[in-house]
Amino acid sequence: MEALVLEKKLDLSLRDFPIERQEEKLGPRDVRIKLHTVGICGSDVHYYTHGKIGPFVVNAPMILGHEASGTIIETGSEVTTLKEGDRVCMEPGIPDPNSKATRLGMYNVDPAVRFWATPPVHGILRPTCVHPEAFTFKLPDSVSFAEAAMVEPLAVGVHAVTKARIKPGDIAIVLGAGPIGLVTALSALAGGCARVYVSDLAKKKLDIAEGLNRAITGVQAGNDDIVERVKRDTDGWGADVLFEATGSPKAAARVFEPLAPGGCVVMIGGQPEPISYDAGAAMIREARVENIFRYAHVFPRCVAMLSSGAIDVRPLITRKFEFKDSVHAFEIAASAPPADVKMQIELPQ
């Protein structure tokens, strides 16, 4: 089938690609899905520009894409909750159901998890895929395919906010106004925060952030110091929770400075190398530090919030491309336009 294939670093092609027969085989508890919309994730772009992410190296041609929605066109003999014609979104990581991590409920950190577009597992920028019923979620009529393809990044924000244990009225800081930073800001407000400060270098992204909700305050790094701003607005107390969503060692080194006593730091952005950690600053605040890896058990919550209007991700979708223009779409995404948040690719129907 025709697919967007990362041949090697900085080499993409849209071509017919042979899918292994085992991968296309429909099991009794699987569904076959015709893909409709696929988001371009930062990890997809990083594989394109660098050929690897940490220990995951592209050693052979790999199909990209893991943020997706589509329509079920076939069901396995034992599928009971989904049917042909259902509109769905899909959780892209499939764990070993018998692993200890999965049995403890932490299936996202199962070492054996198979995650779309993570070498050597292929992604879904292709016409169809087969996926387990248990990780496929029906969409209400009020949620579009484009919104549904945003459930995967939104799940990261919801998982981060869940780990933060936010209380109504909390003040939060999000470092980074990329897609993950912005869905985290929205998730923090949905979780009960009274105000969320979003810090970034790009003024255009901060404008988008402030346009999402009047409870979001943009702080442009370089022009305004986030520590001083939050301290000033909270009478010197600080923020209750800070989400690090930049992946920048420089930003991560300061995570405790604007934090209130007893506050929580949630590390979201992946760090390529070990980072500076101010143990003294953490200690005097009795700060709690949480780390997240993708998400677990939050896709139904995300769909429900999109359906009810508790979270609106539509302003984050800033550009769409046809499938035939996928290579061009990735070239643009790799240039990191400051006015863009989430780019999506629509497949032929």
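Reader: How do the residues lining the second largest pocket divide into nonpolar, polar and charged?

Author: The lining splits into 14 nonpolar, five polar and nine charged residues. Here Ala, Val, Leu, Ile, Met, Phe, Trp, Tyr, Cys and Pro count as nonpolar, Asp, Glu, Lys and Arg as charged, and the others, Gly among them, as polar. A pocket is an open set of points on a 1 Å grid over the protein atoms alone, where a 1.4 Å probe fits, with protein on both sides within 12 Å along at least five of seven lines; lining residues have an atom within 4 Å of a point.

Reader: Okay, and what should I know about the model itself?

Author: This is a predicted model, where local features need pLDDT of at least 70 and side-chain atom pairs count only at pLDDT 80 or more, while totals for chains, interfaces and linings use all residues. Residues are numbered from 1 along each chain as its sequence is written, and side-chain values use heavy atoms, leaving out hydrogens and water.

Reader: Back to that pocket: how much space lies in it?

Author: About 750 Å³, taken as the space filled by probe spheres set on the grid points, which are joined across faces, edges and corners. It has 28 lining residues, and Asp30, Ile94, Arg114, Val130 and Pro132 are the closest to its centre.

Reader: Which element gives the most to the lining?

Author: Strand 11, with four residues. Helix 1 (21-24) and strand 11 (128-132) are the elements that give two or more. Helices (H or I, at least four residues) and strands (E, at least two) are DSSP runs, numbered from the N terminus.

Reader: Switching topic, how many salt bridges does the structure hold?

Author: 23, counting a side-chain nitrogen of Lys or Arg within 4 Å of a carboxyl oxygen of Asp or Glu. One of them joins Glu74 and Arg32, at 2.9 Å from N to O. Glu74 sits in strand 7 (residues 67-75) and Arg32 in strand 3 (residues 30-39), 42 residues apart.

Reader: Is Arg32 buried or exposed?

Author: Arg32 is buried, at 15% relative accessibility, whereas Glu74 is partly exposed at 35%. Buried means under 20% relative accessible area, exposed over 50%, partly exposed in between (1.4 Å probe, protein chains only).

Reader: Which residues are linked with those two in a network?

Author: Glu24 and Arg126 are linked with Arg32 and Glu74 in a network of salt bridges.

Reader: And what about Lys320 and Glu346?

Author: Their side chains meet in a salt bridge too, at 3.7 Å from N to O. Lys320 lies in strand 19 (residues 317-322) and Glu346 in strand 20 (residues 342-346), so the pair ties together parts 26 residues apart in sequence. Lys320 is partly exposed at 46%, and Glu346 is partly exposed at 31%.
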